[in-house]
Amino acid sequence: MTFRPLPVLTVFAIISLAILILLGNWQWGRYAAKTGARDAPAPATMVLEGRAEPARALRLYTVIDARSGWRIAVPVQVGTRTVLLADVFVDGVQAPVLDAAAPARDVKVEGRLILPQPNAFAARNQPDENRWYDMDAGAMQAALGVRQLEPALFEPVELTYVSPSGARRQIANPFAAAVPGDSLPPERHVGYALTWWGLACALVGVYVAFHMRAGRLRFR
């Protein structure tokens, strides 16, 4: 067998092959993680009880059921620590106006304390304009002027959905799921993994066929 690979094409083929294999492995890892999480016992809910301060709320940008909007995260004083209660979702890209004169109130809410997953594609937080796109406990603590802020959000079982017309209704909170993450079934990730690995195999086939056609790969 004689093989005289084209240098530039070979370099790009190796890089592309590595990327395709890594993407397939990543999707398979997502399948394994979701399957394991689905089979694990669901964590119990807890009750958040403390003093809420709506006048010092933070605006968190998010997406629920393909609808972009803002979550209103209210700081709740629980003993010596502060917990952010994200119990309102305002539908719409425009950041909602907060009521700076809203009175403090006692709250008792059932839900789960969820640690948000970091998002490398999120926009940069804008503390001066009270626009938050990713969880940054340190910056939020400084903006709120509190001593100790939990690096997580308390997700109630239900949240208040505010439509663009201003109508309010209670909906199930997708972020309070016992198994956090997207709603894509684990089996879908198997298909994605096979797709990426299939593309890797196709790339190898095209590479070999191209070199055979160019007379650079011959089997004797």
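Is P127 buried, partly exposed or exposed? P127 is partly exposed, with a relative accessible area of 41%; buried means under 20%, exposed over 50%, and partly exposed in between, using a 1.4 Å probe and protein chains only.

Hello everyone, and a quick word on the model. It is predicted, so local features need pLDDT of at least 70 and side-chain atom pairs count only at pLDDT 80 or more, while totals for chains, interfaces and linings use all residues. Residues are numbered from 1 along each chain as its sequence is written, and side-chain values use heavy atoms, leaving out hydrogens and water.

Back to P127, then. You will find P127 in the loop between β6 (105-114) and α2 (137-144). P127 sits 16 residues from A143 in sequence, and their C-alpha atoms are 6.8 Å apart in space.

Now the overall layout. The protein has 3 helices and 10 strands; these are DSSP runs, with helices being H or I of at least four residues and strands E of at least two, numbered from the N terminus. From that end, the order is β-α-β-β-β-β-β-α-β-β-β-α-β. The C-alpha trace spans about 85 × 40 × 35 Å along its principal axes. Of the 220 residues, 33% count as buried.

Let's go inside. The largest nonpolar core has 14 residues, and L48, I72 and V76 have the most contacts within it. By core I mean a set of buried Ala, Val, Leu, Ile, Met, Phe, Trp, Tyr and Cys residues joined through side-chain atoms within 4.5 Å. Two or more residues come from each of β2 (46-52), β4 (67-78) and β5 (81-91). A second, separate core of 10 residues includes L84, L144, V146 and L153. Leaving aside residues up to four places away in sequence, I72 touches several partners, among them L58, L85, V88 and L98, where contact means heavy atoms within 4.5 Å.

Helix α3 (residues 186-213) gives the largest share of the patch, 3 residues.
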